[in-house]
Amino acid sequence: MLNVAPPKSSWQAKVFPVLTAIGWILVMISFVIGLSLSSTASGYFGENTKESRDGAAVGDALLGDLETLTVTPRWLEPLTFLGVASFMVGIALAFSTIPNLLSNRGQVLNVCFPILVKKGE
Amino acid sequence: MREIQKDPKPGMPFNMIEGMMPMFPMIAVVGWMLVLIALFVGFTVLSPAQSAFFADAKEARETAAAGSTFVDANVSRHVIEAWVPQFKFFGLGLGLMAITMALGTIAKKLRHMGKVIAAHMPANLAPPTPPIPGRVRMFQLSTVMGVMILLAALIIGIVLATGVVPDYFNHTIATELNTAEVNSELLSQLGTVSSYAKWLNPLRIVGMSFLFTAITLALTVIINTLRMQAGMLVQFYNKASG
Amino acid sequence: MQQMIGKMARMYSMFILLGFMIVIIAFFVGYSNSQTAATYFAETKLVRETTLMTERASMESIGQWLPYFKFLGLGLILGGIVMALRVIIDNLKAAGEQVMSNLPTEKRPPMPKPPWFGPLMPMVMMVGLLIFIIALVIGFQNASVASKVFSNSLPVIDEAAAGSTLLGQLESIHSTSAWLIPFKFFGIATEFLAIVMGLATIITILTNQTEMIKKGIHVARGN
């Protein structure tokens with residue numbers, strides 16, 4: 001029995017656009033938080049003397065800013081990385097759909113080849 | 001065999017992009033070399049600068065005057081950190097651009113192969129040549145966008161590395177930098193040098209994301225082309241075998 | 001050798017899964033580290049620099065190995081893509097051979113050889129992975145040194161004089177990181193190069209196969 005059927009849809013083909021979308025969401029979140037952090041850093045370092053920064057007491061807004069500036073990047077960077085990894089896994093899944101498509105096309109072309117020879121121009 | 005019709009030439013800027021596509025191996029090697037140069041700078045300039053700066057106690061480092069080894073080392077390490085990361089990301093961007101271009105070339109080759117096969121079919125059974133998918137233009141634009149963002153980040157890095165960064169760090173830490181008053185130029189410069197990385201680093205990743213998206217779009221073009229060609233061959237088989 | 005690589009390449013999904021898992025684990029470790037930082041930076045400068053040494057040592061130490069761990073995850077995903085490319089190349093060649101099997105053996109055009117860089121692709125990918133592993137090992141070494149250095153209070157570290165072990169260790173962390181950071185990016189660039197090699201191989205095979213199909217049809221028609 002000759003197998004002459006178009007390729008079946010694979011789960012990878014359905015999942016990879018979702019991973020690309022997740023990648024964009026994570027990267028954009030990190031970009032927006034980055035902009036906000038930049039503004040906090042600019043204010044914290046550019047508008048306060050070292051003495052006032054170092055002398056900030058518990059509960060002081062300056063200490064809160066320092067906490068934001070040092071804590072946020074520690075989870076934001078791995079989150080951004082998760083976004084990058086989502087893009088890459090999406091790309092990897094897209095690549096992984098190609099071998100089956102090639103096998104199917106090879107099979108169909110193999111079956112069509114004698115007909116192409118006989119009936120073709 | 002019937003004559004194979006050529007695809008119409010695209011307008012600007014797509015004709016330029018398509019003209020550059022066969023150069024993808026060179027672009028890949030250049031990208032790889034840029035990252036290698038960044039590694040070399042890290043090894044030969046940044047690493048010795050860090051060693052020189054941390055060669056004595058904090059008091060000695062912070063009381064050293066402008067022109068001393070410590071201050072020079074401090075300037076050097078901050079200047080390098082302002083431009084080298086952008087430079088290496090630009091190199092990675094070129095690598096991703098080369099991948100997109102190679103995928104675009106594969107999509108073209110597949111299209112040509114489909115046309116060759118269709119040209120050998122009898123005229124009444126041959127499927128019409130499908131139009132160039134709209135996603136081709138999208139992935140080309142996404143590639144350009146990604147590379148442009150990375151180039152902009154590199155230019156910003158160079159501007160910082162030749163302006164505010166050396167200006168700020170070329171001072172004695174203890175008596176000049178640490179005693180800067182509110183509204184002084186030094187404190188304002190500190191605001192800039194302490195905050196640029198917070199938005200520039202995510203911006204680079206946005207640039208990379210455009211390139212990743214371009215690769216994904218190029219892959220969907222290839223996947224759809226393969227599916228379409230298999231479908232056309234199946235149709236041809238069904239019609240030809242009655 | 002090439003056959004063995006071809007068989008191994010079919011396990012690409014495992015590489016991709018493992019890489020993604022590593023990046024997810026890195027995210028949770030990063031989140032946990034941010035909570036330690038929150039505890040540390042909630043205190044005044046004097047308190048944190050003189051009493052919260054355990055927190056500081058933990059933060060500094062994690063900061064030394066976590067980025068390299070994340071990059072190993074990305075490296076495995078990229079390695080998975082290179083292996084998937086190898087499977088694509090094998091399937092593409094097999095499809096070409098299958099179509100040409102319609103011709104009698106003596107009339108069959110010879111199968112074109114893959115370009116010189118085709119067999120090099122897995123090696124370049126392995127070099128990239130090796131870079132990530134080396135970077136992670138050195139990252140762990142740095143983390144161990146950072147843990148020792150920052151278990152001292154900050155005033156003690158600041159007073160460490162030239163020639164002291166403590167200052168030597170601090171210097172070593174900074175000078176090593178200076179080249180180790182671009183080194184891990186060099187690993188990524190090397191993986192990209194391997195991918196481009198794989199794609200260029202596919203392009204060469206597709207170009208040759210189109211010609212082969214044309215020739216094959218002419219030969220079969222007796223032209």
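Predicted model: local features only at pLDDT ≥ 70, side-chain atom pairs only at ≥ 80, totals over all residues.
Colleague: How many of its residues count as buried, in percent?

Modeller: Of the 121 residues in chain A, 50% count as buried. If you look at contacts within chain A between residues at least 6 apart in sequence, 83% of them join residues that are at least 24 apart.

Colleague: Where in chain A is the confidence lowest, and where is it highest?

Modeller: Among the helices named for chain A, α3 (residues 61-119) has the lowest confidence, at a mean of 92, and α1 (residues 11-46) has the highest, at 95. Over the chain, pLDDT averages 91, and 96% of the residues score at least 70.

Colleague: Changing topic, how many residues do chain A and chain B each give to their contact?

Modeller: Chain A gives 45 residues to that contact and chain B gives 44. On the side of chain B that touches chain A, the classes are 26 nonpolar, 14 polar and four charged residues.

Colleague: What about chain C and chain B, how many residues does their contact take from each?

Modeller: That contact takes 38 residues from chain B and 35 residues from chain C. On the chain C side, the elements that give two or more residues are α6 (154-159) and α7 (165-221), and α7(C) gives the most, with 30 residues. By class, that side of chain C has 25 nonpolar, six polar and four charged residues.

Colleague: Which residues have the most contacts inside the largest nonpolar core?

Modeller: The largest nonpolar core has 185 residues, and those with the most contacts inside it are B:A102, B:I222, C:I77, C:V196 and C:L199. Helix α4 (residues 69-119) of chain B gives the most to this core, with 27 residues.

Colleague: What does C:L199 touch, leaving out residues up to four places away in sequence?

Modeller: With those left out, C:L199 touches B:I99, B:A102, B:L103 and B:I106 from chain B, together with C:L85 from chain C.

Colleague: Now for B:V79, is that residue buried or exposed?

Modeller: B:V79, which lies in helix α4 of chain B, is buried because 20 other C-beta atoms lie within 10 Å, and 20 or more is the cut-off for that label. Leaving aside neighbours within four places in sequence, B:V79 is in contact with B:A161, B:V165 and B:P166. B:V79 and B:L160 are 81 residues apart in sequence, yet their C-alpha atoms are 7.9 Å apart in space.

Colleague: Which peptide bond is cis?

Modeller: The bond from B:M12 to B:P13 is cis, with omega near -5°, and B:P13 is found in the segment before α1 (14-20) of chain B. Most peptide bonds are trans.

Colleague: And what is phi of B:N183, and where does that residue sit?

Modeller: Phi of B:N183 is near 75°, a positive value in a residue other than glycine, and its place is in the loop between α7 (173-177) and α8 (185-240) of chain B. B:N183 is exposed, with 9 other C-beta atoms within 10 Å.

Terms used. Residues numbered from 1 in each chain as written. Chains lettered and ligands numbered in written order. Buried ≥ 20, exposed ≤ 12 C-beta atoms within 10 Å, placed from the backbone. Contact = placed C-beta atoms within 7 Å. Helix = DSSP H or I, 4+ residues; strand = E, 2+ residues; numbered from the N terminus. Nonpolar A, V, L, I, M, F, W, Y, C, P; charged D, E, K, R; others polar. Core = buried A, V, L, I, M, F, W, Y, C linked by C-beta atoms within 7 Å. pLDDT = per-residue confidence, 0-100.
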